[in-house]
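Colleague: Please show me how to read the features of this model, starting with the general idea and then turning to the case at hand.

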Amino acid sequence: MSSIEQLHNNLKDEREKLTKDFLSKSLSRDKVIRGGVASNTVRAMHYGKCYFKYSPISIYRNWMDTTLLSDDGMLKDIHEESDFKALHDTAIDSLKSFWFSKEPEVKGKMPHYFFPKMIDLTFKMMVNWDELQEDRSIWFWRNAHVPIDKYSLICLSKYHPDYNIKSPSMNYIGNDKDLYDEIQAEIRALMKPYPPLLFD
């Protein structure tokens, strides 16, 4: 049995339950803002490298409140045929620009990988935001990336023959955008035809 067959076989009995459990949650705007990026992600953001004046969680939540989830924010024009990559890239650029406007001294010091990680955690929460129309929630469910962490990289090593990651963490990706894109594409291919978030 191939790795992909093994993965899909493991999912066979659980995917309907996992999907139902995931989609049944309903989160308020406040819970989406507060629940996207948690303390375990923030702990890796060191003073002097990622922030000086403001706490990382306050910068992120302020961006969520004033930019991503605002009435005229970037989510208002999502529809079934929307380009997920374009939205993902725009969100990363927006968060990065906002971050450096608040903490200009960390520009050039803060590792890039924190930005896609925060966006991936955020978009995972979008599936359950109670103010989002159902078709937009399903769109996020079908398209959102898997937040890369120790556990997703261990799982990738288990099921993909080309990955043997000895020290699984976001440091493995570093600032290599191509590697990040490659890993997301590999996860998507492994999970096809199921949503990548089931891998998470």
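Colleague: Which residues line the largest cavity?

Modeller: The lining of the largest cavity is made up of H112, Y113, P116, I173, G174, N175, D176, K177 and Y180. A cavity is found on a 1 Å grid over the protein atoms alone, as a set of points where a 1.4 Å probe fits but cannot get out, and lining residues have an atom within 4 Å of a point. Please keep in mind that this is a predicted model, in which local features need pLDDT of at least 70 and side-chain atom pairs count only at pLDDT 80 or more, while totals for chains, interfaces and linings use all residues. Residues are numbered from 1 along each chain as its sequence is written, and side-chain values use heavy atoms, with hydrogens and water left out.

Colleague: How much space lies in the largest cavity, and how does its lining divide?

Modeller: The largest cavity holds about 40 Å³ of space, a volume being the space filled by probe spheres set on grid points joined across faces, edges and corners. Its lining divides into four nonpolar, three polar and two charged residues, where Ala, Val, Leu, Ile, Met, Phe, Trp, Tyr, Cys and Pro count as nonpolar, Asp, Glu, Lys and Arg as charged, and the others, Gly among them, as polar.

Colleague: What lines the largest pocket?

Modeller: A pocket is an open set of points with protein on both sides within 12 Å along at least five of seven lines. About 560 Å³ of space lies in the largest one, and of the 24 residues that line this pocket, N40, T41, K117, D149 and M170 are the closest to its centre. Ten residues of that lining are nonpolar, seven polar and seven charged. Helix α7 gives the largest share of the lining, four residues; helices here are DSSP runs (H or I, at least four residues), numbered from the N terminus.

Colleague: How many residues of α7 are buried?

Modeller: Buried means under 20% relative accessible area, exposed over 50% and partly exposed in between, with a 1.4 Å probe and protein chains only. By that rule twelve of the 13 residues of α7 are buried, and the helix is mostly covered. These buried residues pack against α3, α4, α5, α6, α8 and α10, through contacts, that is, heavy atoms within 4.5 Å.

Colleague: Which residues touch the most other members of the largest nonpolar core?

Modeller: In soluble globular proteins, nonpolar side chains tend to be buried together. A nonpolar core is a set of buried Ala, Val, Leu, Ile, Met, Phe, Trp, Tyr and Cys residues joined through side-chain atoms within 4.5 Å. Here the largest has 62 residues, of which W99, M110, M118, F123 and F140 touch the most other members. Among the helices that each supply at least two residues of this core are α6 (84-102) and α7 (114-126). Leaving out residues up to four places away in sequence, M110 touches M45, K49, C50, W99, F100, F115 and M118.

Colleague: Why does D130 count as partly exposed?

Modeller: D130 counts as partly exposed because its relative accessibility is 45%. The place of D130 is the loop between α7 and α8, where, apart from neighbours within four places in sequence, D130 is in contact with S26, L27, S28 and R29.

Colleague: Where is the cis peptide bond?

Modeller: The cis peptide bond joins K192 and P193, with omega about 10°, and P193 is found in the segment after α10.
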